[in-house]
Amino acid sequence: MLANSSDKAASELKSLKGAIASADVPWSSRLAMLGLNFIPMMLATSTVLAILLPYGTLPTRFGVGLGFLYLVPALAARLILRMHPISEGRIPVGTKPFFTWWTLFQLQVVFCRLPALEEILRLIPGLYSQWLRLWGARIGRFTYWAPGTLITDRSFLCIGDDVVFGAGVRLNPHVLAKAKAGPLELLLATVKIGDRVAVGGYSLLTAGTEIASDEATRAFLISPPFSAWQGGKRVRQQLSPDFE
């Protein structure tokens, strides 16, 4: 049986904490990481205050609060990536690129914890795709996002035209992997999907997954990192077998 999203996220966080503790990461960096963990709470608190503080009419305050919630994290992520680009691939835990990614991830945690916030955007055709573009994602025209679609790294997507995502699809451009004779590493790479693709429901597409144009993948597909799919089968997997 497949683990649900919450189980997988909890397992990743547990592994990550263990890696930070065992790696040669200075305490200053560990404290910085702890501080970054407060970003979701700060974002949620600021949104509530923007709505409740008596500086204008209720519709005005509500609009400011929603604008802050949806726009500030996306634009902040775009600015961070412009100032500190991340080279995709294998990223050692505790390095500067890792902390850049961790900051981006914390900006998105509210939407991962409260998926209804994104489902609301999907009620208006085209709005959700446009919002993803604010994060830096490349999204083609006429993309259909079925209910339950979950994205963990919104800046690392490249989606073609006329793509359909089945219910419950998870796009996970990062994974944590441990070499058999080495430390835990972050694998981060853009998920790339060609034109006119239909992704089967409840599939999991991980870091560096590529699906060729005109493909229709099966439901419950689990795509290992750096896999390419064409003709209904996996044609390439670049992840070394030395990784667990």
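Both Trp 101 and Trp 102 are buried, where buried means under 20% relative accessible area, exposed over 50% and partly exposed in between, using a 1.4 Å probe and protein chains only. The model is predicted, so local features need pLDDT of at least 70 and side-chain atom pairs count only at pLDDT 80 or more, while totals for chains, interfaces and linings use all residues. Residues are numbered from 1 along each chain as its sequence is written, and side-chain values use heavy atoms, leaving out hydrogens and water.

**Whole chain**
- The chain has seven helices and 16 strands; these are DSSP runs numbered from the N terminus, with helices being H or I of at least four residues and strands E of at least two.
- Of the 244 residues in the chain, 46% are buried.

**Aromatic residues**
- The whole structure holds 14 aromatic pairs.
- The ring centres of Trp 101 and Trp 102 are 5.7 Å apart and their planes are at 55 degrees, so this pair is tilted.
- Rings of Phe, Tyr and Trp (its six-membered ring) pair if their centres lie within 6.5 Å; planes under 30 degrees apart count as stacked, over 60 as edge-to-face and the rest as tilted.
- Tyr 128 and Trp 131 form a tilted pair, with 5.9 Å from centre to centre and 35 degrees between the planes.
- Helix α7 (residues 127–134) contains both Tyr 128 and Trp 131, three residues apart, about one turn of the helix.

**Nonpolar cores**
- The largest nonpolar core has 49 residues, of which Leu 132, Leu 157, Phe 165 and Ile 193 touch the most other members.
- Helix α5 (residues 96–113) gives the most to this core, with ten residues.
- Apart from this core lies another of six residues, including Leu 187 and Phe 226.
- A nonpolar core is a set of buried Ala, Val, Leu, Ile, Met, Phe, Trp, Tyr and Cys residues joined through side-chain atoms within 4.5 Å.

**Thr 190**
- Thr 190 lies in the loop between β9 (184–188) and β10 (191–193), and it is buried, with a relative accessible area of 6%.
- The side chain of Thr 190 makes a polar contact with the side chain of Glu 88 at 2.7 Å.
- A polar contact is a pair of N or O atoms within 3.5 Å; within protein, one must be able to donate a hydrogen and the other to accept it, and residues adjacent in sequence count only if both atoms are side-chain atoms.
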